[in-house]
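Take a walk through the fold below. Keep the viewer open and follow the stops in turn.

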Amino acid sequence: MRIALFATCIVDAMYPATARATVKILERLGHEVVFPSGQACCGQMHVNSGYLKEAVPVIANHVAAFDTEDYDVAVAPSGSCVASVKHQHPMVARSCGDKDLETRATAVGAKTYELSELLVDVLGVTDAGAQLGSYFPHRVTYHPSCHGMRLLRLGDRQARLLGSVAGIDMAELPEADQCCGFGGTFSMKNADVSSAMLEDKTANITATGASLCAGGDASCLMHIGGGLSRQGSDITTLHLAEILASTLEEPASVTGEVRISTGKATR
């Protein structure tokens with residue numbers, strides 16, 4: 001297949017290794033990856049903050065970048081950004097009365113997949129160790145992000161892929177379905193609530209005894225990693241894509257991740 005990579009803002013700016021890992025995985029399966037050069041922000045932040053009118057040109061840019069490229073499907077290592085493309089883009093275009101943009105946005109959304117969704121549902125990956133050569137000999141716990149669970153209905157796709165990685169020791173996260181408190185601009189507008197939610201999440205992560213917390217959204221991992229770092233924890237965070245791309249010959253780095261949080265310092 002010819003697969004278009006939707007890198008997303010935060011991955012492009014702060015976690016480029018996640019984008020490279022996504023490409024490695026897909027090329028390892030024999031697919032061609034292309035990068036639509038006109039892509040930028042998907043507009044999720046604007047929409048979530050209620051700025052629908054201001055989001056229109058941002059959404060129009062994303063649609064133009066992807067509906068002019070020749071590809072079979074698009075993929076992003078982010079549940080929240082894919083949820084925005086699939087659900088928010090047509091909704092915003094419709095609310096603004098732009099029928100043409102709504103039609104084009106719907107078509108782009110229909111071809112856009114979150115990474116685990118593409119791997120499991122389209123490419124038939126059920127055993128990462130056997131099919132991707134994935135190897136990651138660490139004790140890992142997994143945080144499922146809200147948008148992936150609630151908007152995309154990813155279910156246990158990410159968890160199943162992680163569990164099939166050779167050498168991995170998966171530790172179940174207590175109250176895994178609870179939000180980490182990031183929520184984009186929520187963490188800045190409601191810093192006290194965000195930080196309280198983050199404290200609950202990091203306490204549960206610590207209780208697992210895992211050395212690393214994995215997930216499918218860089219923004220949530222950034223928030224969680226920041227909280228753990230401020231607590232003096234040795235636990236790090238790593239995106240699902242980097243674990244799947246890790247092999248015995250080319251192991252993923254488990255140190256030096258960007259660990260930032262917009263919430264208040266935890267105590």
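Predicted model: local features only at pLDDT ≥ 70, side-chain atom pairs only at ≥ 80, totals over all residues.

Start with the record. An unreviewed UniProt entry carries the annotation "domain: Cysteine-rich", and it covers residues 3-85 and 140-224. Residues 3-85 are 57% helix and 12% strand. The end C-alpha atoms of that span lie 16 Å apart. Residues 140-224 are 47% helix and 12% strand. Their end C-alpha atoms are 14 Å apart.

Next, the sheet. Four strands make up an open sheet, ordered E6-E5-E7-E8, with parallel pairing. Its edges are strand E6 (169-171) and strand E8 (236-239), each of which pairs on one side only. From one strand to the next, the twist averages 35°. Look at the pairing of E5 with E6. Strand E5 spans residues 139-142, and three bridges join E5 to E6. The two run parallel. Val-140 stands opposite Met-170 in E6.

Now turn to the rings. How many aromatic pairs are there? The count comes to two. One joins Phe-6 and Phe-66, with ring centres 5.8 Å apart. Their planes meet at 75°, and planes over 60 degrees apart count as edge-to-face, so this pair is edge-to-face. The pair links distant parts of the chain, 60 residues apart. Phe-6 sits in the loop between strand E1 (2-5) and helix H1 (9-14), while Phe-66 belongs to helix H4 (residues 52-67).

Phe-66 has another partner. The rings of Phe-66 and Tyr-71 have centres 6.2 Å apart and planes at 90°, so this pair is edge-to-face too. Tyr-71 is buried as well.

Charges sit over rings here. Lys-111 lies over the face of Tyr-71, at 4.0 Å from the ring centre. The charged end of Lys-86 sits over the ring of Tyr-113, 5.4 Å from its centre.

Last stop: Asp-98. Where is Asp-98 found? It is in the loop between helix H5 (79-95) and helix H6 (99-110). Asp-98 is at 31% relative accessibility, so it counts as partly exposed. A polar atom of the Asp-98 side chain lies 3.4 Å from the backbone nitrogen of Asp-100. Val-56 is 42 residues away along the chain from Asp-98, and their C-alpha atoms are separated by 9.3 Å.

Key
Residues numbered from 1 in each chain as written. Heavy atoms only, no water. UniProt positions renumbered as here; feature names shortened; annotations may be inferred. Buried < 20%, exposed > 50% of the residue type's maximum accessible area, 1.4 Å probe, protein only. Polar contact = N/O pair within 3.5 Å; in protein donor to acceptor, adjacent residues only side chain to side chain. Pairing = 2+ DSSP bridges. Axes fitted to C-alpha atoms, helices over the stretch in contact; angles between N-to-C directions. Phe/Tyr/Trp six-rings, centres within 6.5 Å; stacked < 30°, edge-to-face > 60°. Lys NZ or Arg CZ within 6 Å of the ring centre and 35° of its normal.
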